[in-house]
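Look over the whole chain before turning to single residues.

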Amino acid sequence: MSVRNGLLALLASQEMYGAQLRSEFDARTGGQWPLNIGQVYTTLGRLERDGLVEGAGAADDEGRIPYRLTEAGRGEVDSWWAQAVPRDVTPRNELAIKLALAVTMPGVDVRSLVSTQRTATMRHLRELNRSKPRRTPGAPSAPTPDELVLESLIFADEAELRWLDYVEERLARG
């Protein structure tokens, strides 16, 4: 997840101060990846340093300074929208790392690790499915941002369960 690009995209719609950016980010991603306010302001500082955002005026009564995109920032957002998310850098997957190490360590019960993870993933998947909004059958509507994020998490859990099946099968074959 690129906090940097997310904040730039939000600023493309209107000027905002840090707490607004945090709130908007959380609201538009279904609260699945909450941002720390310090992370928001650190990122804004870097974006300002890089000439992508600038202060949009004086501080308000509470000392908050709104930020806006510069022309370079707008170009950065436009470029981000136009490009596919790169797949050349694989994000670290803690479970894959844990199991890769476990199969090389003496005394680690890998089957138990897989079973424990399967139970946790299935529990999480059930929670996600329970939180899905109910739609009226046949009623066409565009998905909400919350629904898109939720479905992404559901698909990720389903893929993890398939991968755990594969790991169990490989362990059984020895």
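This is a predicted model: local features need pLDDT of at least 70, side-chain atom pairs count only at pLDDT 80 or more; totals for chains, interfaces and linings use all residues.

Residues are numbered from 1 along each chain as its sequence is written, and side-chain values use heavy atoms, with hydrogens and water left out.

The protein chain has 7 helices and 2 strands. Helices (H or I, at least four residues) and strands (E, at least two) are DSSP runs, numbered from the N terminus. Read from the N terminus on, the order of elements is α-α-α-β-β-α-α-α-α. The radius of gyration of the protein chain is 21 Å, well over the 16 Å that the globule rule gives for 174 residues, so the chain is more spread out than a compact globule. Here the radius is taken over C-alpha atoms, and the globule rule is 2.2 Å times the number of residues to the power 0.38. Along its principal axes, the C-alpha trace spans about 65 × 45 × 35 Å.

How much of the protein chain is buried? Of its 174 residues, 28% count as buried. Buried means under 20% relative accessible area, exposed means over 50%, and partly exposed lies in between (1.4 Å probe, protein chains only).

In soluble globular proteins, nonpolar side chains tend to be buried together. A nonpolar core is a set of buried Ala, Val, Leu, Ile, Met, Phe, Trp, Tyr and Cys residues joined through side-chain atoms within 4.5 Å. The largest such core here has 17 residues, and Leu7, Leu8, Leu11, Leu21 and Val53 touch the most other members. At least two residues each are supplied by helix H1 (3-13), helix H2 (18-28), helix H3 (37-49) and strand E2 (67-69). H1 gives the largest share of this core, 5 residues. A second, separate core of 15 residues includes Ala102, Val110, Leu150 and Leu171.

Leaving aside neighbours within four places in sequence, Leu7 is in contact (heavy atoms within 4.5 Å) with Leu21, Leu35, Val40, Thr43 and Leu47.

Now consider H2. Its buried residues are Gly18, Leu21, Phe25 and Asp26. These residues cover an arc of only 125 degrees around the axis, which puts them on the same side of H2; the arc is that of the directions from the helix axis to the C-beta atoms. The buried residues of H2 pack against H1 and H3. Just after H2, Gly30 takes a positive phi of about 70 degrees.

Two residues further along the chain complete the tour. Thr121 is found in helix H6 (residues 110-130). Is Thr121 buried or exposed? Thr121 is buried, because its relative accessible area is 3%. Not counting residues up to four places away in sequence, Thr121 touches Asp157, Glu160, Leu161 and Leu164. The side chains of Thr121 and Glu160 are joined by a polar contact of 2.4 Å. A polar contact is a pair of N or O atoms within 3.5 Å; within protein, one must be able to donate a hydrogen and the other to accept it, and residues adjacent in sequence count only if both atoms are side-chain atoms.

Trp163 lies in helix H7 (residues 145-173). Trp163 is partly exposed, with a relative accessible area of 31%. With residues up to four places away in sequence not counted, Trp163 touches Leu95, Ala96 and Leu99.
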